[in-house]
Amino acid sequence: MGKKILIVDDAAFMRMMIKDILSKNGFEVVGEAENGAQAVEKFKELSPDLVTMDITMPEMDGITALKEIKQLSGEAKVIMCSAMGQQAMVIDAIQAGAKDFIVKPFQADRVLEAISKALD
């Protein structure tokens, strides 16, 4: 059984891309969420080993959701994803407890490298 991963992105296409990369490499995608509020709920419900979290989303952004998830579980492993390589957001995310940061469009090897590193 592979590691359980929750994918959070407001774009269904992006979720599908990550899911595809992960499934082909032995990870189990246990859930998907399209905003930060859903992400926090699904995290409580599914207890995934890792979360991939988009930063810019409706309702609750990824950094707010990351902070809430880290409050629920200090052990939570979250990797942030964003199309914009905005330095300030990356720094905010890392300070809030993100393990790593991947930029869209996703490159399979970079996604897998970030996930393997975070799960070590």
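**Figure 1. Ser47 in the loop between H2 and E3.** Ser47 is partly exposed, with a relative accessible area of 45%; buried means under 20% relative accessible area, exposed over 50%, and partly exposed in between (1.4 Å probe, protein chains only). This residue belongs to the loop between H2 and E3. Helices (H or I, at least four residues) and strands (E, at least two) are DSSP runs, numbered from the N terminus. Although Ser47 is not a glycine, its phi is positive, at about 45°. The model is predicted: local features need pLDDT of at least 70, side-chain atom pairs count only at pLDDT 80 or more, and totals for chains, interfaces and linings use all residues. Residues are numbered from 1 along each chain as its sequence is written, and side-chain values use heavy atoms, with hydrogens and water left out.

Figure 2. Glu59 lies in the loop between E3 and H3. Its phi is near 70°, a positive value in a residue other than glycine. Is Glu59 buried or exposed? With 72% relative accessibility, Glu59 counts as exposed. Ala37, in helix H2, is partly exposed at 26% relative accessibility. Apart from neighbours within four places in sequence, Ala37 is in contact (heavy atoms within 4.5 Å) with Glu59 and Met60. The C-alpha atoms of Ala37 and Ala65 are separated by 6.7 Å, and these residues are 28 residues apart along the chain.

**Figure 3. The largest nonpolar core.** A nonpolar core is a set of buried Ala, Val, Leu, Ile, Met, Phe, Trp, Tyr and Cys residues joined through side-chain atoms within 4.5 Å. The largest such core has 23 residues, and Val8, Val51, Met53, Ile69, Val78 and Met80 touch the most other members. At least two core residues are supplied by each of strand E1 (4-8), helix H2 (36-46), strand E3 (50-54), helix H3 (62-72), strand E4 (78-82) and helix H4 (87-95). H3 gives the largest share, four residues. A second, separate core of 19 residues includes Ile21, Ile102, Val111 and Ala114. In soluble globular proteins, nonpolar side chains tend to be buried together.

Figure 4. Val8 is found in strand E1 and counts as buried, at 1% relative accessibility. Beyond its neighbours within four places in sequence, Val8 is in contact with Ala33, Asn35, Ala39, Val51, Thr52, Met53, Asp54 and Met57. Val8 and Ala96 are 88 residues apart along the chain, and their C-alpha atoms are separated by 17 Å.

Figure 5. Lys and Arg count as positive and Asp and Glu as negative; His and the chain ends are not counted. Lys70, in helix H3, is buried yet has no salt bridge. A salt bridge is a side-chain nitrogen of Lys or Arg within 4 Å of a carboxyl oxygen of Asp or Glu. Which side chain of opposite charge is nearest to Lys70? It is Glu75, 7.2 Å away. Leaving aside neighbours within four places in sequence, Lys70 contacts Ala76, Ala96 and Gly97. Arg15 is found in helix H1 (residues 12-24) and is buried, with a relative accessible area of 10%. With neighbours within four places in sequence set aside, the contacts of Arg15 are Ile7, Asp9, Asp10, Glu32, Ala33 and Glu34.

**Figure 6. The cis peptide bond at Pro105.** Lys104 and Pro105 are joined by a cis peptide bond, with omega about -5°. Pro105 is found in the loop between strand E5 (100-103) and helix H5 (108-119).

**Figure 7. The chain that surrounds these views.** The chain has five helices and five strands, which run β-α-β-α-β-α-β-α-β-α from the N terminus on. Its radius of gyration is 12 Å, close to the 14 Å that the globule rule gives for 120 residues, so the chain is as compact as a globular protein of that length. The radius of gyration is taken over C-alpha atoms, and the globule rule is 2.2 Å times the number of residues to the power 0.38. Of the 120 residues, 47% count as buried.
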